[in-house]
Amino acid sequence: MYMCEDYNSPQSPYWCMKTLISICLAQEDEFWTAEEQPYPSSLFKPNLVPGPRQILSNHPDANHHFLLSPAQFVSWPLKASQAKYSKFEYSSAFGFSVPTGPLIQQMAPDCTLALSRDGTETWAVKWKCAEATFPQVSLVQKKGIASLLAASVRWFPWRDRQVEVQTTLIPPTDRWPDWHVRVHRIRVHSPMRSLHAVEGGFAAQSRCVKDGSRLPALRGLSTDIDAGISEGIFKTEDSVLILSATGWSGVSAASLDGPRTWAPTSSLSLQPDSNTNLVQPRSLIPVITRDITRDIKSGEEFVFATNIFAVSATANGGRRSTTKSLVERWADQPKISIARPGLGSQETDCILLEP
């Protein structure tokens with residue numbers, strides 16, 4: 001029912017029948033004798049799709065087909081509009097979640113940043129926003145510095161514009177094919193009593209396949225475990241990794257070079273309400289939390305950077321990297337440096353990914 005809207009009617013099933021349009025072609029049409037072509041290799045690496053202004057990624061050294069969606073939204077009233085249109089990422093392997101209430105476990109904040117200014121009683125996520133821009137970020141390599149296409153958007157969690165967020169999404173790279181990065185510069189325009197942030201990765205199945213029990217806590221990771229087979233939750237102070245039948249889904253708080261306004265950071269595997277996820281009856285979301293519980297002055301800024309890790313168990317025929325184990329790929333996380341833009345400027349930060 002969460003995928004249905006007020007405008008749906010008995011005629012709506014006709015939409016799905018568009019997939020059968022090919023049978024209208026004449027018997028002698030060349031469509032029926034054309035040879036199947038291989039999937040274009042150029043589409044495996046991150047590509048900007050001009051129409052929807054999204055970055056599509058299916059990196060050949062990884063195993064996850066998803067897109068970065070910086071600035072989509074629908075302004076008219078639809079159920080779960082922010083969840084259906086305004087998350088940062090949408091995956092063909094990890095189903096997304098929709099809210100069932102105002103509490104954070106009911107919000108089910110996968111693939112988004114949820115902010116609270118009233119002590120975590122209510123939360124706001126990205127909805128209406130500015131036009132997306134696509135700046136270049138830099139990747140430091142042995143051969144020099146390479147430019148990478150990223151996506152950036154400016155948005156306001158609340159209508160009074162007390163808080164402004166500039167989010168930059170950096171797609172997977174050859175150096176880190178299983179990771180992408182989110183960087184949020186949060187500007188406070190009037191005094192606040194507190195600010196709380198919960199940032200989620202991809203939602204994963206929360207139950208063991210064999211007996212339906214909860215995923216166990218893991219004390220460590222061995223090099224022979226694999227996606228879709230090993231199950232459990234591995235947590236550190238600033239990262240969490242969920243291993244399930246869906247695949248591996250994790251987040252880590254990226255450390256930033258240079259002086260930054262500090263916020264207490266922790267990680268957890270958030271258990272949202274049942275039936276919030278459109279694929280799994282029960283799911284878990286790897287999240288990073290940041291809590292600023294002091295009085296915040298007007299003009300203060302905070303920069304949060306989060307690394308997002310995901311490997312599907314089934315996408316691309318279960319493709320696997322032959323160079324590193326999944327444990328090595330999880331341990332090898334992107335490192336980020338950020339140069340602040342000019343005061344009063346809306347320009348995107350200069351972001352450097354370092355080996």
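Two strands pair if DSSP finds at least two bridges between them. Strands themselves are DSSP runs of E, at least two residues long, numbered from the N terminus, as are helices (H or I, at least four residues).

This is a predicted model: local features need pLDDT of at least 70, side-chain atom pairs count only at pLDDT 80 or more, and totals for chains, interfaces and linings use all residues. Residues are numbered from 1 along each chain as its sequence is written, and side-chain values use heavy atoms, with hydrogens and water left out.

**Stop 1**

Select residues 232-236, strand β14. Five bridges join β14 to β15, and the two run antiparallel. A hairpin connects them through two residues. Find K235; V240 in β15 stands opposite.

Now select residues 239-244, strand β15. Are its residues buried or exposed? Six of its six residues are buried (under 20% relative accessible area; exposed is over 50%, partly exposed in between; 1.4 Å probe, protein chains only). Look along the strand: S239, L241 and L243 point one way, while V240, I242 and S244 point the other way.

Move on to residues 247-253, strand β16. Six bridges join β15 to β16, again antiparallel. S239 stands opposite S252 in β16.

**Stop 2: salt bridges**

Side chains of opposite charge can pair when their charged atoms come close. A salt bridge is a side-chain nitrogen of Lys or Arg within 4 Å of a carboxyl oxygen of Asp or Glu. The count comes to 15 salt bridges.

Select E89 and R182. They form a salt bridge, with the closest N and O atoms 2.8 Å apart. E89 lies in strand β4 (residues 89-91) and R182 in strand β10 (residues 179-188), so the pair ties together parts that are 93 residues apart in sequence. Both residues are buried.

Next, select R185 and E301. Their salt bridge has its closest N and O atoms 2.6 Å apart. R185 is in strand β10 and E301 in strand β19 (residues 301-312), 116 residues apart. R185 counts as buried because its relative accessibility is 3%. E301 is buried as well.

Last, select E199 and R290. Their side chains meet in a salt bridge (3.4 Å, N to O). E199 sits in strand β11 (residues 195-200) and R290 in strand β18 (residues 283-292), 91 residues apart. E199 has 1% relative accessibility, so it counts as buried. R290, at 4%, also counts as buried.

Which residues are linked in a network of salt bridges? Show E89, R182, E199 and R290 together: these are linked in a network.
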